[in-house]
Amino acid sequence: TADGSISVGQSVLWNGKKSTVRYIGEVEFAAGEWVGLELTDGKGVHDGNVLGVPYFECPAGKGVFAPAAQLAGGAASLSPSMVASSGPAASGNEGPTFLPSKDKSTDGSTSLGQSMTWNGKKAIVRYIGGVKFGKGEWVGLEVTDGAGVHDGTVMGASYFECPAGKGVFTQVAK
């Protein structure tokens, strides 16, 4: 990372899952510095390629991106509570808890359930609102005509549900 606390090849924990750092730097899908991880334990969402941009290589379904603040094992500034609170929810919970979506975008141009085209692919709006991985208002889409990147869960936060490899996020058009 820019502060030198994490380096490529380092073993870290993300959401309680063992991972190896494969990339550090800027990405096209969000602002700021991001850490690309290959998960040793658990399921990721990609193979190091996100929205057609190759950042690193790893087996399909083993790659994730996270801000350095979400990693344990590198940044000395991580609190023990951050590490302890990440990981699976308490037993007895059935499936993920989804973050609440708005019905319409702030500018009124996009509605939940609306059909639209994203990068030339047909998609349905499944989520509208804030996200943990970027600033501003974002739209979660289920791509119905082609491939996406995830299943509606990104960096451990569940925004909506769709088949694996069919979900994408984009910012509301300005």
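Colleague: How many salt bridges does a search of the whole structure find?

Modeller: This is a predicted model, in which local features need pLDDT of at least 70 and side-chain atom pairs count only at pLDDT 80 or more, while totals for chains, interfaces and linings use all residues. Residues are numbered from 1 along each chain as its sequence is written, and side-chain values use heavy atoms, with hydrogens and water left out. If a salt bridge is a side-chain nitrogen of Lys or Arg within 4 Å of a carboxyl oxygen of Asp or Glu, the number found in the whole structure is three.

Colleague: In which strands do Arg 22 and Glu 38 lie?

Modeller: Their side chains form a salt bridge with an N to O distance of 2.9 Å. Helices (H or I, at least four residues) and strands (E, at least two) are DSSP runs numbered from the N terminus. The two residues are 16 apart in sequence, so the pair ties together separate parts, namely strand 2 for Arg 22 and strand 3 for Glu 38.

Colleague: Is Glu 38 buried or exposed?

Modeller: Buried means under 20% relative accessible area, exposed over 50%, and partly exposed in between, with a 1.4 Å probe and protein chains only. Arg 22, at 34%, is partly exposed. Glu 38 has a relative accessible area of 18%, and therefore counts as buried.

Colleague: Where is Lys 102, the partner of Glu 137?

Modeller: The closest N and O atoms of this salt bridge are 2.3 Å apart. Glu 137 belongs to strand 10, and its partner, 35 residues away, is in the loop between helix 1 (80–85) and strand 8 (115–118).

Colleague: What is the relative accessible area of Glu 142, which forms a salt bridge with Arg 126?

Modeller: The closest N and O atoms of Glu 142 and Arg 126 are 2.9 Å apart, and the pair links strand 10 to strand 9 across 16 residues. Arg 126 is partly exposed at 32%, whereas Glu 142 is buried, with a value of 14%.

Colleague: Which strands are at the edges of the open sheet?

Modeller: Five strands make up this sheet, in the order 6-3-2-1-7 and with antiparallel pairing, where two strands pair if DSSP finds at least two bridges between them. The ones that pair on one side only are strand 6 (63–66) and strand 7 (71–72).

Colleague: Which residue stands opposite Trp 14 in strand 7?

Modeller: Strand 1 pairs with strand 2 over four bridges, and there the bridge partner of Trp 14 is Lys 17. On strand 1's other pairing, two bridges join it to strand 7 in the antiparallel sense, and in strand 7 the residue opposite Trp 14 is Leu 71.
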